[in-house]
Amino acid sequence: MPAVVVVLLAGLITALATGLGAIPFLFVRTLSPKVIAFSNAIAAGLMLGASFTLVVEGMPFGTWQTIIGANLGVAFILVTQFLLPDEGLEFGELKGGGAQKALLMVIVMTAHSFAEGVAVGVAFGGGESLAVLITIAIAIQNIPEGLAITAAMRPRGASIASSAWWSVFSSLPQPLMAVPAFLFVDTFAPVLPYGLGFAAGAMTYMVFRELLPDAYADATRPEVGLIVSLSFTAMVASQLLL
Amino acid sequence: MPDLWLVALSAAAAAAVAVLGVIPVILSGEVSPRLGWANALAAGLMLGAGYVLRQQGIALSPVGGIAGSVVGVTFVFASHRFTNLADVDLSRPEDLASATVPQIVTRELLHSAAEGVAIGAGFLVDPRLGLLMAGTLGLHNVAEGAAISAALIERGWHPTKAALLSAGTMAAHIPAAVATAAWIGAGGLPWVLGFSAGAMFYLILVELMPESYRQRGHTGIAITASAAMSVVVLLHAILVG
Ligand SMILES: [Zn+2]
């Protein structure tokens, strides 16, 4: 099989794995205010953990580039949120404010997998022997990202099926970006720290602006503190071990 | 071993600036909602500092860095439970009505001790990281000092005494920082780095963020915190490399 096809297939598998993140919600039937707050806290911790790894990954490629990218990511979400109407907006089965937040969440996570796709391609470009290992690692890392998306979309009224679909959708840029990045490593490598920083900034801002306040709304502070800390740690640990 | 006098001095300076917190309280007669900005700024700076500490710890030993951070979270969680002030917002009068002064002081002593470990751990990696930690925490202490002073003045304390007691509770930075810098060897370093990152992360989530959201809304706080975070990470990269 040509290397390009391998990279594309690898990327597709990792994208599909993201949908698996919706599975835990099959077991959570009632969406009480407490469950909603806890879901937001889980999503917040997972996303903060993912952005920590993105920054750690980006820094060796360029400190300033990563930090500038991060602040651009914050600005991007700020502007997007300003432009999106919070009334009259429809996103899937969602309407109004819930639709705005769910849509933002998908935009942020999609931007994130753009950057990750480039990272995958550049990593593959370094040598093919690790290809299978990298694919498995990324597929597994994508599951908690799908969990984060579902944990943020479910409380806002999205069904499990559509949360799973949007999770997969948000990961599609991974294969799409991995291929050109793999083919043109030299062109993509300089952009990588900006992209990684951008994704980290966008995700962090999303956590501070939307997920944390919604978590505090119906859970006590120690509950939020513990859930966010533990999901953060789990995310960092899973990304390090793989 | 880092210069222990420098460690003690920077920890003391970070604690001493807490007396400044009483000034806005005297001027406005309450914990001004403007403190929300200071809280969010401190939260962002401490998160950035926590990122740096965590990354250094994990680089030395992934297991130590991660397990240490779980210990740090547990320590602050337990100290909040121990003082029965787990869900108390120091800057909210109705929350404070039921809290006694010894409870508040105990909670703050444990809080500042955990932060002191971060200063000591910073010095163990690089003196410049230690100074960065002390500076970050000093800024945070001004906001923290304002909340404590306001709570004490509310109970009839003289502002001068209130300011001194708030700085006094922060002085727990000093023994914690010096002990960390003096006694922790290479094997323990990833653990204390993880510990301080985990402890600060939990403190930010339980104390700083909810307070600042309540004082200043969501958007401004989110921008301040994320920008401050990136400033510390950048500063660390420039100063320490
Ligand atoms: Zn403090």
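This is a predicted model: local features need pLDDT of at least 70, side-chain atom pairs count only at pLDDT 80 or more; totals for chains, interfaces and linings use all residues.
Figure 1. E115(B) and H140(B) are both buried.

**Figure 2. Donor atoms around the zinc ion.** The protein donors are NE2 of H111(B), OE of E115(B), a further OE of E115(B), and NE2 of H140(B). They lie 1.9 to 2.6 Å from the zinc ion. The arrangement is irregular because the 4 donor atoms subtend angles of 54 to 124°, whereas a tetrahedral assignment would need all angles between 85 and 135 degrees.

Figure 3. The side chains of E207(B) and R107(B) form a salt bridge, with an N to O distance of 3.5 Å. The pair connects distant parts of the chain: E207(B) sits in helix α10 (residues 189-216) of chain B, R107(B) sits in helix α6 (residues 101-125) of chain B, and the two are 100 residues apart. Both E207(B) and R107(B) are buried.

**Figure 4. Salt-bridge network in chain B.** R107(B) and E207(B) are joined with E108(B) in a network of salt bridges. Side chains of opposite charge can pair when their charged atoms come close.

**Figure 5. Salt bridge between R128(B) and D126(B).** The closest N and O atoms of R128(B) and D126(B) are 3.0 Å apart. What is the exposure of R128(B)? R128(B) is partly exposed, because its relative accessible area is 42%, a value between the limits of 20% and 50%. D126(B), at 13% relative accessibility, counts as buried.

**Figure 6. Salt bridge between E210(A) and R209(A).** In chain A, E210(A) pairs with R209(A) in a salt bridge whose closest N and O atoms are 3.6 Å apart. E210(A) counts as buried because its relative accessibility is 3%. R209(A) is also buried, with a relative accessible area of 18%, and the cut-off for this class is under 20%. Over all chains, the structure holds 5 salt bridges; the bridge of E210(A) with R209(A) is one of them.

Definitions and conventions: Residues are numbered from 1 along each chain as its sequence is written. Chains are lettered from A and ligands numbered from 1 in the order in which they are written. Side-chain values use heavy atoms; hydrogens and water are left out. A salt bridge is a side-chain nitrogen of Lys or Arg within 4 Å of a carboxyl oxygen of Asp or Glu. Buried means under 20% relative accessible area, exposed over 50%, partly exposed in between (1.4 Å probe, protein chains only). Helices (H or I, at least four residues) and strands (E, at least two) are DSSP runs, numbered from the N terminus. Donors are N, O and S atoms within 2.8 Å of the metal (3.2 Å for Na, K and Ca); water is not among the atoms, so sites may look incomplete. Four donors count as tetrahedral if all angles lie between 85 and 135 degrees; four count as square planar and six as octahedral if opposite donors are over 155 degrees apart and all others between 65 and 115; anything else is irregular.
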